[in-house]
Amino acid sequence: MQALPKVSPEVRKQATVKAALAAAGVPLDFAAVEKVLRQGLASGLDARLADRFDRPTAVRAVATRVAALTAALLASGVRRGGVCIVPALASAATLEAIAAAGLRPWLVDVDPCSWMFDPAHLRERLGEAPPPIEAIVPTCAFGRAPDMTAWAAFQRETGLPIVVDATDGFDVIMEAPVPVIVGLPSGRGVFVASQDADFIARLEAPAFVGDAGLEGWSGQRLRLATAAQRLRMLLLGARIGFQPGWGMSWVSDAWVVSLPQGSAPLVAARLAEMGYATNPVGPGIVIRDQTPVADRLAQSVLSLPFHADLGIAELDELAEAVRKAL
C-alpha cells in the first residue's frame with residue numbers, strides 16, 4: 001500500500017481555519033467578498049459604476065439628486081420629525097431632500113479653508129442640536145472630496161446614520177465606507193454607492209434612464225482641467241482665490257472662488273450687468289447653529305459660470321469680465 005504524503009502542522013492548521021470560516025459563511029478572499037456584495041446588483045450601468053471603486057461597492061443609479069438623498073435617508077431608518085445635521089453651505093437641493101425625508105435640517109458652521117464641516121467640529125456641537133438627531137449629511141464642497149474615512153469613523157462612534165452628498169464629486173469619490181450620492185458626468189442623474197450591499201438593496205427611488213456620460217468623461221475631464229488651468233493663468237495677480245487643487249489634482253464644473261471680504265454681492269451685480277449669471281453661496285434660512293464662518297463666506301464666495309465646452313475666446317472674455325467686476 002502506498003503511504004499517504006505527510007502533511008505539515010501548518011498546512012493542517014490552515015485547512016482547519018478555512019473549514020471553520022467556510023462553515024461560518026465567511027468569504028475566503030476578495031473575489032468572494034465582491035461576489036457577495038454584488039448579489040442582486042443589476043448589470044449594466046450600476047455594475048460599471050461599481051467598478052470604479054477600489055473596494056467592493058454596491059451602486060444604484062437614480063434619476064435625481066433629491067430622490068437619491070431622500071431614499072438614502074429613509075433606507076438609513078430615520079424617523080420623521082427628527083433633525084438632520086447639515087453644513088451651513090448646503091445647497092437648496094440637499095435641504096429639499098432632507099425635508100422630503102420628513103426631517104428638519106439644522107445647519108452647522110464650516111471650516112474656513114475646506115468650506116465643509118468635519119467630525120472634530122461637529123463633535124463639539126452635537127450637544128447644541130435640537131433633539132432628536134436622526135442623521136448627518138456632510139456635503140462635498142463644490143467638487144472637493146470630503147474625508148470619507150473620518151465620516152465612517154464618526155458613524156461608528158455616534159451610531160448616527162451618515163449619508164454624504166457629493167453630487168459634484170465624480171472626479172474624487174473613489175470609496176464609500178458610508179453611503180454617498182455622486183452626480184453622473186452627463187449632468188443628469190446621480191448614483192448612490194455604499195460598501196453595504198444591503199443598504200443599496202433597501203433603496204426605493206426612480207432609476208436613472210439615459211446617457212450617464214461615462215464614455216465621454218475622460219475627454220470632458222481633460223477639457224474641464226484645461227479650462228480651469230487657463231483661468232488660473234488668466235487671473236494671476238487678481239484678488240481671487242481658487243479652491244485648493246481645482247483644475248490640478250481634481251476638477252468639477254463648479255467654479256467657486258473666494259473674493260475680497262464682503263465683495264461677493266457687488267461683484268455678482270457687476271457681472272450680471274455684463275451678462276454673466278452667478279450663484280450666491282450662503283446659509284439657508286432654516287434653523288441653525290451659530291455660523292460666523294459661513295455667514296462671512298456668504299459675502300465673499302461666489303459660484304461663477306463654467307463648463308467643459310468654453311472655448312479659448314470665451315475663457316478670455318470671462319476672465320476679463322471677472323477682473324473688471326473686481
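**Reading strands, cores and pockets**

Mentor: Let us start with a pair of strands: β6 (residues 180-183) and β7 run antiparallel to each other and are joined over four bridges. Please keep in mind that this is a predicted model.

Trainee: Which residue of β7 is the bridge partner of Ile-181?

Mentor: Ile-181 has Val-192 as its bridge partner in β7. Between the strands of this hairpin of β6 and β7 there are six residues, and Gly-187 takes a positive phi there, near 90 degrees.

Trainee: How should I read the two faces of β7, and are its residues buried or exposed?

Mentor: To read a strand, ask which way each side chain points. In β7, Val-190, Val-192 and Ser-194 point one way, while Phe-191 and Ala-193 point the other way, and all of them are buried. The strand, residues 190-194, is therefore described as mostly covered, since five of its five residues are buried, that is, under 20% relative accessible area.

Trainee: How many residues of helix α4 are buried?

Mentor: In α4, which spans residues 65-75, eight of eleven residues are buried, among them Val-66, Leu-69, Thr-70 and Leu-73. After the helix comes Gly-77, whose phi is positive, near 85 degrees.

Trainee: What is the general idea behind a nonpolar core?

Mentor: In soluble globular proteins, nonpolar side chains tend to be buried together. The largest nonpolar core here has 66 residues, and Ile-240 and Trp-255 are the ones that touch the most other members. Helix α12 (residues 312-325) contributes the most to this core, with six residues. Another core lies apart from it and holds 43 residues, including Ala-58, Leu-69, Ala-90 and Ala-101.

Trainee: What does Ile-240 touch, if I leave out residues up to four places away in sequence?

Mentor: Ile-240 then touches Leu-235, Trp-255, Val-257, Ser-258, Leu-259, Val-322 and Leu-326.

Trainee: Is Ile-136 buried or exposed?

Mentor: Ile-136, which lies in strand β4 (residues 133-136), is counted as buried because its relative accessible area is 0%. Beyond its neighbours within four places in sequence, Ile-136 is in contact with residues including Cys-84, Phe-117, Trp-151 and Val-163. Separation along the chain is another thing to read: Ile-136 and Pro-87 are 49 residues apart in sequence, with 9.2 Å between their C-alpha atoms.

Trainee: Which residues lie nearest the centre of the second largest pocket?

Mentor: That pocket, with a volume of about 390 Å³, is lined by 21 residues, and Thr-167, Asp-168, Gly-183, Leu-184 and Gly-187 lie nearest its centre. Helix α9 (residues 217-234) gives the largest share of the lining, three residues. The lining is made up of eight nonpolar, eight polar and five charged residues.

Conventions: Residues are numbered from 1 along each chain as its sequence is written. This is a predicted model: local features need pLDDT of at least 70, side-chain atom pairs count only at pLDDT 80 or more; totals for chains, interfaces and linings use all residues. Side-chain values use heavy atoms; hydrogens and water are left out. On a 1 Å grid over the protein atoms alone, a cavity is a set of points where a 1.4 Å probe fits but cannot get out, and a pocket is an open set with protein on both sides within 12 Å along at least five of seven lines; lining residues have an atom within 4 Å of a point. Grid points are joined across faces, edges and corners, and a volume is the space filled by probe spheres set on the points. Ala, Val, Leu, Ile, Met, Phe, Trp, Tyr, Cys and Pro count as nonpolar, Asp, Glu, Lys and Arg as charged, and the others, Gly among them, as polar. Buried means under 20% relative accessible area, exposed over 50%, partly exposed in between (1.4 Å probe, protein chains only). A nonpolar core is a set of buried Ala, Val, Leu, Ile, Met, Phe, Trp, Tyr and Cys residues joined through side-chain atoms within 4.5 Å. Contact means heavy atoms within 4.5 Å. Two strands pair if DSSP finds at least two bridges between them.
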